[in-house]
Amino acid sequence: MLRWLALAGVLTAAGTFLMWPGQPGGRLVRTYGDVVTADRVAVIVPGADTTVATFDDSTRRPGGAARALLAEAARLAPGKRLAVVAWLGYDSPPTLSLGAITDDAAVEGAAELRRTVAGLHTRTDAPIVLLCHSYGSVLCAEGAAPGLPVTDLAVFGSPGLDVPSAAALPPRVWAGLGDDDWIRFVPKTKIGPLGFGTDPMSPGFGARVFDVGPGGHSDYFSPGTASLRNLAMIALGHPERVTS
């Protein structure tokens, strides 16, 4: 349950934490599985256009993604206990907005993410990994750059990261991009306040590239995909079983 997380908000039900203040879409953090007894903990950080109203719509949203990840982990490693935190702890900007091409929301959200990870560490010794989609990858890089205590950071469908290389981030950095993901056409550059910077898929960045398959921008947690399998392996702590 989420009652122990160091977040400003209102606990509404077991495993659910509503946060405020925020944009009209709101903030919501929800746990799936028992964090206290887990062997591993994964935090899913979604991208733009994520709201409380759409939180559980499908595997394209954090709630559905968390359930798909748990199911895949149970299939691949039935004896290992994984807990997943679906984290909408920031004001996710609309895709068609200035906010989606600047890092303002990411910088603010990074501070909240660090508080969440700190709260998790007060309740579990299990390794924590970050799984960060699209604009969420910008947020995770902002939060992880000063040395966030997580073992792995996986970014996928990323518009670029404002860090020079994977070496500036946690010990293992992973990057994936679907063959049909439209974000591959977004320039990976930063001009003044616009854009985000380095392409984490570029060889010079130094991330471990994992196989995603032919999916589109919101298909990374779709059942039966290479991306879901590999994200589950990252979450479970089996880097040797991640395919590239």
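Accessible area here comes from the Shrake-Rupley method with a 1.4 Å probe. With that in hand, the protein chain exposes about 9,700 Å², and carbon and sulfur atoms supply 58% of that area. Keep in mind that this is a predicted model.

Some overall figures, then two details. The protein chain has four helices and 11 strands. It runs to 244 residues, of which 55% count as buried. If you take contacts between residues at least 6 apart in sequence, 67% of them join residues at least 24 apart.

How many residues of strand S3 are buried? Six of the six, across residues 27–32, so S3 is largely enclosed by the rest of the structure. Arg27, Val29 and Thr31 point one way from S3, while Leu28, Arg30 and Tyr32 point the other way. Both sets are buried. S3 runs antiparallel to strand S5, residues 82–88, and five bridges join the two. Within S5, Trp87 is the bridge partner of Val29.

The second detail is a pair of helices. Helix H1 covers residues 62–76 and helix H4 covers residues 226–236. Their axes come within 9 Å and cross at roughly 75°. Angles of 65 to 115 degrees count as roughly perpendicular, so H1 is roughly perpendicular to H4. On the H1 side, the contact is made by Ala68, Leu69, Glu72, Ala73 and Leu76. On the H4 side, the residues are Leu228, Arg229, Leu231, Ala232, Met233, Ala235 and Leu236. By class, that contact has 10 nonpolar residues, two charged and no polar.

Conventions:
Residues are numbered from 1 along each chain as its sequence is written. This is a predicted model: local features need pLDDT of at least 70, side-chain atom pairs count only at pLDDT 80 or more; totals for chains, interfaces and linings use all residues. Side-chain values use heavy atoms; hydrogens and water are left out. Axes are lines fitted to C-alpha atoms, for helices over the stretch in contact, and angles run from 0 to 180 degrees between N-to-C directions. Angles under 35 degrees count as roughly parallel, over 145 as roughly antiparallel, 65 to 115 as roughly perpendicular and the rest as oblique. Contact means heavy atoms within 4.5 Å. Ala, Val, Leu, Ile, Met, Phe, Trp, Tyr, Cys and Pro count as nonpolar, Asp, Glu, Lys and Arg as charged, and the others, Gly among them, as polar. Buried means under 20% relative accessible area, exposed over 50%, partly exposed in between (1.4 Å probe, protein chains only). Two strands pair if DSSP finds at least two bridges between them.
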